[in-house]
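Here are my notes on this one, point by point. Have the model open while you read.

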Amino acid sequence: MSLSPNSFQNALARVDISYQLTDQNEPVRLCDVVLRPGTPFNNGVIVLNTQIVPHTQGSLISIDIKSTKSLVLSHFEAKYSVDLTDQRMLANGFQSWSQAREMQQTDRIPSIRSGIAWYTQYNLQGDYDFFPHSGEKGHVHSSSYTHFRDVHNRLRFFGSVSEQFGYTYFKSDYNTNTFSIYKDIAGKEMAANQSLELIKVLAMESDSEGALWDTYATFYPDKRCIKNDDERHVNGWTSWYNYYADVSEEIILENINALSHHKYPINVFQIDDGFQTAIGDWLSINNKFPSGMKSVATRIKQANFMAGLWLAPFAVGFSSQLAKEHPEWLIQDPITNKAVVAGPNWGGFYALDMYNKDARLYLKKVFDVVLQDWGFDMLKLDFLFAAAMIPRLGKSRGEIMWDAMEFIRELAGPSKIILGCGAPLAAAWRKLDYCRIGSDVSPWWEGK
């Protein structure tokens, strides 16, 4: 069949699903379960049902699961036979630093090399440890959404609208003409007689990419501070790319004066990493800012700029006071009983457990002080993926990430601007006002 949304009306899906009953030790693996609209699958433990509901620009593809017994899900993939000839697929990376580009049958997406992962730990900042990257030619995948572009520039768009239950991946195997919808649902617990709309995908077709995105956006409630499109286009200055962590109060004041003197038309003046004594100790200011952050924020606003500040709310440095005094606030690996490492930056950092009551109160205090007491107008929030390093508490990684972004907006409130960074994009959509969509930049080209 073709990739046209109408083709899915009576499409046959072959489903692979794995789960484990809570009172059993062995997992159950079902492969190539045939699923058609109007014909449920029922093995006495789970019931799978798919339906295709017409939409103004296409269709909504859904797959529901109902459990008759208490269980834990571990794997789900629905595969469709389609014609991928001459189709270019958008491969959206896992989070906002990841690469995103159109790919075709001759392309491949390699995994991170084991030696590099061991030495750098950069695997922790991607999805390499829980989503398979085959590296084979013609195997392309995309996180949360994708589109296919044919030789006539016609687009077929597929976007998940059920990210609150887990990360969704769209997979294409050009070698076998197979299109798959994969759900990272490892660790997701289901109670007896519970139902979930595990897969819900908006499928559309158009020549206008903008129109497709406008329609897709309506499925995500708008919780942003800035709701008027005319006010959303802003520019600004950040300390990061010129000074990195060597920023100081003196440097900040020099740049405020220079921007004011030369009348640069910026909206936001943002201080990045380098003001705090350690990652996670956000209210402990180092001696490079002797007047304190409230004084600096006031000076920024006196120059008629919005004052922005960088934080990494779910990151806790190895050497921080928070890690030493409150190890119980860190996400614990249930296998090793050690704190989960979330990345190599700053000599290494742990992940903060946002479900810990005291850790949540600490973050609330940080946000209240920064936004209300110090008076910052905007937050750049970095390394957000750290909130969902592992599935736990009966929740999948994507479900935890969804909760984390809801929590961030709650902490910031309705009137403060949030720029997300290092975030899986779908969980951040219309909760954060802005989101970075690329890696760090430099005043040179790699390899030149």
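1. How much space lies in the largest cavity? About 40 Å³. A cavity here is a set of points on a 1 Å grid over the protein atoms alone where a 1.4 Å probe fits but cannot get out. The volume is the space filled by probe spheres set on the points, which are joined across faces, edges and corners.

2. Before going further: this is a predicted model, where local features need pLDDT of at least 70, side-chain atom pairs count only at pLDDT 80 or more, and totals for chains, interfaces and linings use all residues. Residues are numbered from 1 along each chain as its sequence is written, and side-chain values use heavy atoms, with hydrogens and water left out.

3. Lining the largest cavity (an atom within 4 Å of a point) are Phe8, Ala11, Ala13, Leu35, Pro37, Thr50, Ile52 and Tyr80. Seven of these count as nonpolar, one as polar and none as charged. Nonpolar means Ala, Val, Leu, Ile, Met, Phe, Trp, Tyr, Cys and Pro; charged means Asp, Glu, Lys and Arg; the others, Gly among them, are polar.

4. The whole structure has two cavities of 30 Å³ or more.

Key
1 Å grid on protein atoms, 1.4 Å probe; cavity = no way out; pocket = protein on both sides within 12 Å on 5 of 7 lines; lining within 4 Å.
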